[in-house]
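Subject: Handing over a structure, with notes on what was found

Dear colleague,

I am passing on the structure below, together with some notes that you can follow with the model open beside you. Please read them slowly and look up each residue as it is named.

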Amino acid sequence: MQIELHRVTVREVVNGYEDSNENGVVGYGGRLNIRPAFQREFVYKEKQRNAVIETIVKGFPLNVMYWAEDERGNFELLDGQQRTVSICQYVNGDFSIESRAFHNLTETEKNEILDYPLMVYVCRGNDKEKLDWFKIINIAGVQLKEQELRNAVYTGEWLTDAKRYFSKNGCVAYLLANKYLSGEVNRQDYLETALSWISARENIKIEEYMSRHQHDTHAAPLWQYFQCVIAWVQTIFPKYRKEMKGLAWGLLYNTYGEKSYDPQELERKIAALMQDDDVTKRSGVYEYLLSGNEKFLNIRAFTENEKRQAYERQGGICPMCAAERREKTHYEIEEMEADHITPWCEGGRTCAENCQMLCREHNRRKSNK
């Protein structure tokens, strides 16, 4: 790989700047692809964006940037997208700093910005060399996420279409499901979530799914699957609660989507569970109702005082060992575990009156039934 250091002025970079859905983000007279397929969306906050402009205005050095040149003399921006977009947006009049937009500046001030030299390393090499270099240099302090790195490998029409659904601010996936998903759209969290769900359905990794579909012309099946997941959630759990956000809905759909549920009956149970003091993980209510496994609820454990009361009441005797007339029935408290006399699922509460101490063997045997 060949690497050369160049001085490129802001004036040259902002020449021909365009940010559109059709043509992407370009600059440098249309020769610089500012946001290649493997790059993240613009994620700088106002403070970071303003700091870039203030650095230029004060004439301080801005961190070096990296471009990759192709055989036709065009460029892809490997590192420095956030700074480059910040500069272009300011000169383009998209934002102001302290109520002064670029057009409010004097001609002298404008020229000082436009003539500011950016230090750019230009590299020439094959795709693998450029992508490997991109992963290494990254962006200091804003590490790439796994899905952003995957996007660097599986570029093509399919990925472009998938990002249209899942990776743009205000995209259709966000409008449809932002109440149910966690993460940031422009950091590829929504795309990764959808891919993890559909990949799990096919029992493969995300990378294999992306590899299989990399050269498809569209990502409609992924979007259709995602819509089915959200429609299923909204149908069986029509009343939204904040505990529903961030659950692995696609994995639940893959397992339970073909079963029949009564939404009204589920809602009745949800309302009761949300008010149950023994339920310490309310977000687990939904998976519990689908699976029947109490572990998702993190049922409140007996206190040390409740355990001691039960132990003293029993005189250290395990009632199940005694019922089986075992040779050993007496245990030290450290050898015993607390158990609900009446199981929680049958209405038993986590209180002193419903606590008994069992030897570890019987408690675990009972728990596994």
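Which backbone nitrogen does the side chain of Glu109 reach? Please bear in mind from the outset that this is a predicted model. The side chain of Glu109 reaches the backbone nitrogen of Thr106, at 2.9 Å. Glu109 is found in helix 4, which covers residues 107-114, and its side chain is also joined to the side chain of Arg100 by a polar contact of 2.9 Å. Glu109 counts as partly exposed, because its relative accessibility is 26%. Thr84 is 25 residues from Glu109 along the chain, and the C-alpha atoms of the two are separated by 19 Å.

An open sheet is formed by 7 strands in the order 1-7-5-6-4-3-2, with mixed pairing. Strand 1 (2-9) and strand 2 (18-20) stand at its edges, and each has a single partner strand, so one side of each is left without a neighbour in the sheet. Strand 2 is joined by 3 bridges to strand 3 (residues 24-27), and these two strands run antiparallel. If you look for Asp19, you will find that Val25 in strand 3 stands opposite Asp19.

Another pairing is that of strand 8 with strand 9, which is antiparallel and runs over 5 bridges. Asp339 lies in strand 8 (residues 336-340), and its bridge partner in strand 9 is Gln356. The side chains of Asp339 and Gln356 are also joined, by a polar contact of 2.7 Å. Is Asp339 buried or exposed? Asp339 counts as buried, because its relative accessibility is 8%, and buried means under 20%. Leaving aside neighbours within four places in sequence, the residues in contact with Asp339 are Phe302, Asn354, Cys355, Gln356, Leu358, Asn363 and Lys366. Strand 9 itself (residues 355-359) is mostly covered, with 5 of its 5 residues buried. Both of its faces are covered, with Cys355, Met357 and Cys359 buried on one side and Gln356 and Leu358 buried on the other.

Now to the nonpolar residues in the interior. In soluble globular proteins, nonpolar side chains tend to be buried together. The largest nonpolar core in this model has 53 residues, of which Trp158, Phe166, Leu222, Phe226, Trp232, Phe237 and Trp249 touch the most other members. Several helices give two or more residues to this core, including helix 7 (157-166), helix 10 (206-213), helix 12 (249-256) and helix 13 (263-274). Helix 11 provides the largest share of this core, 9 residues. Apart from this core lies another, of 33 residues, among them Ile34, Val52, Ile56 and Phe102. As for Trp232, when neighbours within four places in sequence are left aside, it is in contact with Trp249, Leu252, Tyr253, Tyr256, Gly257 and Leu290.

Aromatic rings deserve a look of their own. A search of the whole structure finds 21 aromatic pairs, and ring pairs link Tyr165, Phe166, Trp197, Trp223 and Phe226 into a cluster. Charged side chains also meet rings here: the charged end of Arg49 sits over the ring of Phe95, 3.7 Å from its centre, while the charged end of Lys179 sits over the ring of Tyr240, 4.6 Å from its centre.

Finally, there are two backbone angles to check. Most residues other than glycine have a negative phi. Gln188, however, has a positive phi of about 75 degrees although it is not a glycine, and it lies in the loop between helix 8 (172-177) and helix 9 (189-201). Asn298 also has a positive phi, near 50 degrees, and its place is in the loop between helix 14 (285-291) and helix 15 (304-314).

With best wishes

Conventions. Residues are numbered from 1 along each chain as its sequence is written. This is a predicted model: local features need pLDDT of at least 70, side-chain atom pairs count only at pLDDT 80 or more; totals for chains, interfaces and linings use all residues. Side-chain values use heavy atoms; hydrogens and water are left out. Rings of Phe, Tyr and Trp (its six-membered ring) pair if their centres lie within 6.5 Å; planes under 30 degrees apart count as stacked, over 60 as edge-to-face and the rest as tilted. A charge sits over a ring if NZ of Lys or CZ of Arg is within 6 Å of the ring centre and within 35 degrees of the ring normal. Helices (H or I, at least four residues) and strands (E, at least two) are DSSP runs, numbered from the N terminus. Buried means under 20% relative accessible area, exposed over 50%, partly exposed in between (1.4 Å probe, protein chains only). A polar contact is a pair of N or O atoms within 3.5 Å; within protein, one must be able to donate a hydrogen and the other to accept it, and residues adjacent in sequence count only if both atoms are side-chain atoms. Contact means heavy atoms within 4.5 Å. Two strands pair if DSSP finds at least two bridges between them. A nonpolar core is a set of buried Ala, Val, Leu, Ile, Met, Phe, Trp, Tyr and Cys residues joined through side-chain atoms within 4.5 Å.
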